[in-house]
Structures are given as C-alpha cells and as structure tokens.
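Dear colleague,

Please find the structure below, handed over for your records.

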Amino acid sequence: MSAQPGTIASSAIIQEQRSRRDALDERLFRWLLMGCALLVLASLLGAAGATLWGGREAFAKFGWHFLVSTAWDPGNDVYGALVPVYGTIATSLIALLIAVPVSFGIALYLSEVAPPWLRTPVSSAIELLAGIPSIIYGMWGLFIFAPFFADHIKPWLTNNLGDKPDDGKLSWVVQHVPFIGKLFGSDYPFGASILVAGIVLAIMIIPFISSVMREVFQTVPTRLKESAYALGSSTWEVSWDIVLPYTRSAVIGGIFLGLGRALGETMAVTFVLGNAMTLSASLLDPGTSIAATIANQFSEASGLQKSSLMALAFLLFVVTFIVLLIARLMLRQLKLKEGR
Amino acid sequence: MLTSCKSPLRFAAVATIAVASTFGMAAAQATDITGAGSSFVYPVMSKWSAAYAEKTGNHLNYQSVGSGAGIAQIKEGTIDFGASDAPMKAEDLESLGLGQFPIVVGGIVPVVNIVGVKAGQIKLDGATLGDIFLGKISNWNDPKIAALNAGLTLPAGKITVVHRSDGSGTTFNFTNFLSKVNPEWAGKAKFGTAVEWPTGVGGKGNEGVSQYVQQIKGSIGYVEYAYAVKNKITWVDLKNAAGHVVAPSAASFAAAAVTADWGSAKDFNLIMTNAPGAQAWPITATTWMIMYKTPKNAVNSKVAFDFFKWSLEHGQQDASALDYVPLPNALVSKIEAYWASEYKH
C-alpha cells in the first residue's frame, strides 16, 4: 500500500480537469435546454406580436368597438369581431359539454371495467382517431352528418324545444323553460349550424381527452382502489371518489388540451358551421368562427380587411389565453378545497 | 484490395456527375415559368400547361392561391405573371409598370334547388335576383317571381340564399352584376371578392356552394357554369340587359365577350357583367393575366408570352372541354396588338 506521491498528484489534476469539463458540459446542457424553452416562448410572443402588429390598423380604426360590433362588411370596409368570437366560444363549449362526459366514460371503461384483451385494441383505435386529419371530419360532417341532422334530428329539436315550430304551436317545454325556445328556434332548413359544428368538434376532441384520461387513470395506485373496493365501494364510487380526485389536475389538463384544439380548429368547422356573419341566439342557425373566417377570407383580403383578419387572429390568442387562465384558476381553487 | 474497394465508389461518383450534367443540360434548355392567382382559371391553366410542356418542354407552375395573393406576388416580383379575377385599375398598372389582358371567358350561373323544377325552367331578372339575395323576397311563391315565370307553378317555400364564404372572383363578378341591376344592392352590400351578405349561408368554394344548394330544399346560390353542369344542378335563365331571357351556354358567354365594349377599355379594364348583346349571358367573367411591361426576367417573360400566345391560338379547344369559352377572334387580335404595343420582349 505504498502510494506514490506523483500518482496522487496526477489523479488530482485529472479529477480537476474532469470536474471542470463536467461543469462546462453541464452549462452547455443547461443553455441548450433553456434555448429549447425560450424558443417556445419566443415563437408564442412572436406570433402574438405579429398578429397584434398586423391588426394595428383595425384596432386603431375601430378601437373597442371592434370587439362588440357584428358588422363584417368588406364592401364598406367596416369590420367587427363579435360574430366570429361568439361562434368560436359557442362551438367549443358545446364540444366540451359533449366530449367531457363521453371521454370520461371511455377512459373509465378502458381502465376499470373493460376485459384486458379489449383494452389495447380500443385504446389504439382511439389514438388512431386522434390522427385523422380535420378535413376528413369536415367532409364527413358536410356530406353525411349535416344532412342527417337536418332530416332527422333538427325537425324534432325545432318542434319540441324551439320557438319556431313548423305548426306554430309552442311545446310545453318552450312555454315553461326560459331561453330554450330561442336556443332551438330556427327556420333555416339545413344542418350546418353552431350545434352541428359543436358536435363534430366533440367527436374530434374525444380521442384527445379520453386518451389523456385513460393514461392518467392507469397511474392510480392499485392499493388505493383495492382498499376502496375492500370497504365495499361500487365501481362508480371508486371512480368518482378515488380515481378522479387522484388524477384531477391531469384530467383538467387533458380537457383543456381538447378545448385548445376546439378553439383553433379550422377546416372541419369551416365545412359545418355555415359561414354566416350573423349573430343569432339559436344554436341551429349558421354562424362563423375566428379560424373559419380567417381561412375563408385571407387569400383575397387586402388593406383594412386583412388587418381585421389579423386582429381576429390576435383575439384568438386572447381567447385561448383567457381560457387557460380560467383553467389555472380552477385548478388552484380545487387545490384549496383539497386542503380543507 | 484497397483499390477494388474504392473503384465502385469512384464509378458511382462519375455516374452521378454524368447524370447531374445531363439534367443540367435539360434544365438549361427548358424554362420553368411561375404564375399565381385566380382559382377560376386553375383547371384550364393546368390543362394548358400539361399540353404546352409536352410540346415545348417548358413547364408552367401555376399556383391557385387567389387573385389577391396573385396580385401581391406579382407586385413583389416573385412570379412571372399574376392572374386576377378583378381587373387592376389603369393608374395602378401605370405606376407599377404592369400590363394586363384577359385570357379566357367563363360564365357564372345562379343555381336553385326547388322540388319539381328542372334546369332552365325558372327565369329571373337582375332586380329580382338582387331582391332575393337581399332577403327582400323570401318565398318562392312571391308574385315578383311568378310574374317572370308564367306557366310555372312554384311551390310555397322559404328561400335560403347560399353564397361563397371565401373571397373569390366568382363573388366579385356576381355581386358586380347585382350592383349594376339592383340599386339597393349597389348602395348596401356593393361588390367585391367578399361582401356583407344580408342573408344566407356560406359554402367554401364552388364545391361548397354546390353541395349546400343540393342539400337545402328551396335554396339559391351561384357557381361557375362548369360546376353546375358537372353536378347537374338546376340553373336559372336570366333576363339580360337587352331584355331577352337567355340560357347559360358557350354561345351566350361568347356573345357577352363579343358585345362588351373592349374598345374604350384601357388595359382591358372592363367587367363584362350585364353586357349589352341581345344573346349575351349577363354574368360572364374573365381572368386577367398581369405582367411587367419591362420584365425582370426576360427569358421567363418571353416563355410566358409564348405560352399565352399558344393558349390563345391552340389551347382554346381544351378550354371549351372544361366549359370555358374561347375568346372571340376580335378580342384575340386586340390582345396581340396590346402585347406588341405595350410590352418589351
């Protein structure tokens, strides 16, 4: 065990060199990671800034009035954002109302109820659905679903829930429930409408939401669930009281991922929303959305019209941002409740 | 051993260079020209460019990006010619050093979906058509429609207007016609590639409008003639400026192109709608090719002119097959004179 002093010295040098090299590597790696993160931030700010800059003419000309005006009149160069903003929010909300419960059901079935041999094929089918291009949904909506809706579902809705039934007699429901008649009253004889767009959007976002939900439901520790079962809980009680609270924040994250897609969806909505620049309380009337308006008019727009489209794009940013903000607030609220 | 390993590599390298140089030579002989703009002419452009490439080896790359984008791109000089469904104003052309000329004529037809009514059975005039699109006439049994259609019983039923949701040259020409024949339309919605529609739903593209019209009973829309023919949609006969009821056809589109007053239109700046001819179809449209008078790329510009010359002289058969209408001979010679006097090439 006779250590030679020279060896120790040299190994110390080697160690120092190595730690210096490691520190450099570490720093490089950190910069690289920071670069990746900054890239996202930069592109977000860049896109928001570019749309704001492109829309400056419209904002300067119309001011706050742009937000509340229903006009979209290229002939006289007067523009307002209310109709597309309303259409965007209304279709996305309908989509969420349908997609969230259905996705919850799918995810629960696949993670808790379904026999194991069925789980893999069904979940790969769902992932496949998520990969279908939106134009396909749009074409399906336009050629198949909208006519079906117009012939079979819409007449029932307008006659039983709407304030403009074919025979002129208001149903009991319409007379006793406020607003419902307005929501389902329509004398447009075709399918493409806010409700149909919402339903098509729901079908599009179900794969996203349900696959996220399924993934996180599987992360619930088995012992938690089994303890609940051991205490005599039913499957529903386990799902609602154990699985859902355990995965709540991830589930809400998945829902907002779907909502984000619904808000920005363009092609499918353009096909089934009817593209009418009119504000109507009825869900069965056509409308338009921000993304659809931009996609429709951008190629031929110039001057103030182009600027207004840019301003619309900026508003889409704002709407999405507000939605995400609400999601964050909801999560925080839930956390607070959890503490009690 | 080493050399035998290397030689196939070297052979491959030589072969690559040889192949590359052959392609290089081919590229030097053929010229690729680029145009962009109107989607109205896209079908005929692609047919022409295929036939022209077969004959000369020169390729045309035409991007159907919309008239507005076509004008924007020619202004930036990134393409050899732009194509627009709306003519540019003479002073804009002047200040930018651009010239424009029409290349092919097509018709736009109102289409309807009324139970029991076949193509050409229903007739409308411009004022009534305008009132329908304004939402003032909202039922098919309106006396104004009945007055124009003696002998045809139209069922009572709500009229649903279908318009284009995207900005388009078809809308430009259709609303231009409405503005000329319906004063209220002219004051309210005016005309353009997109307007504020007082009523109705929007379909994307000619396909979207034809699809909606076929789906919605009691609807009325407007599409390019070719789409109405292809999809067998019921079209409407229109009363023209001369007071005659005409059917849409190659002959009536040509009549509009002939009788339109090209003589007094500088730079062919003339929208053909509501043409005066006795047999003229009132919503006839053309697409203008826009090019620099002093070309930025002389070689490409020469090829582009050769292409247009070829399409005016030999390509009109292909155009007819796609339900466009060849330009009348008088107009062709006027265009060729315009080339000679205005363009340097």
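A residue is called buried if 20 or more other C-beta atoms lie within 10 Å of its own, exposed if 12 or fewer, and partly exposed in between, with C-beta atoms placed from the backbone. This is a predicted model, in which local features need pLDDT of at least 70 and side-chain atom pairs count only at pLDDT 80 or more, while totals for chains, interfaces and linings use all residues. Residues are numbered from 1 along each chain as its sequence is written, and chains are lettered from A and ligands numbered from 1 in the order in which they are written.

Helices (H or I, at least four residues) and strands (E, at least two) are DSSP runs numbered from the N terminus, and two strands pair if DSSP finds at least two bridges between them. Strand 3 of chain B pairs with strand 1 (residues 32-37) of chain B in the parallel sense, over three bridges; here B:Gly35 stands opposite B:Phe81. Three bridges also join strand 3 of chain B to strand 12 (residues 284-292) of chain B, and these two run antiparallel. B:Ile290 in strand 12 is the bridge partner of B:Gly82.

Chain B also holds an open sheet of three strands in the order 5-10-11, with mixed pairing. Strand 5 (123-124) and strand 11 (245-246) of chain B stand at its edges with a single partner strand each, so one side of each has no neighbour in the sheet. Strand 5 of chain B runs parallel to strand 10 (residues 237-239) of chain B, to which two bridges join it; B:Lys123 has B:Asp237 as its bridge partner.

Turning to chain A, there are 15 helices and two strands. Buried residues make up 37% of its 340 residues. The C-alpha trace of chain A spans about 110 × 65 × 40 Å along its principal axes.

Within chain A, the axes of helix 4 (residues 82-113) and helix 9 (residues 194-217) come within 6 Å and cross at roughly 35 degrees. Such axes are lines fitted to C-alpha atoms, for helices over the stretch in contact, and angles run from 0 to 180 degrees between N-to-C directions.

Finally, the contact between the chains takes 26 residues from chain A and 30 residues from chain B, two residues being in contact if their C-beta atoms, placed from the backbone, lie within 7 Å.

With kind regards
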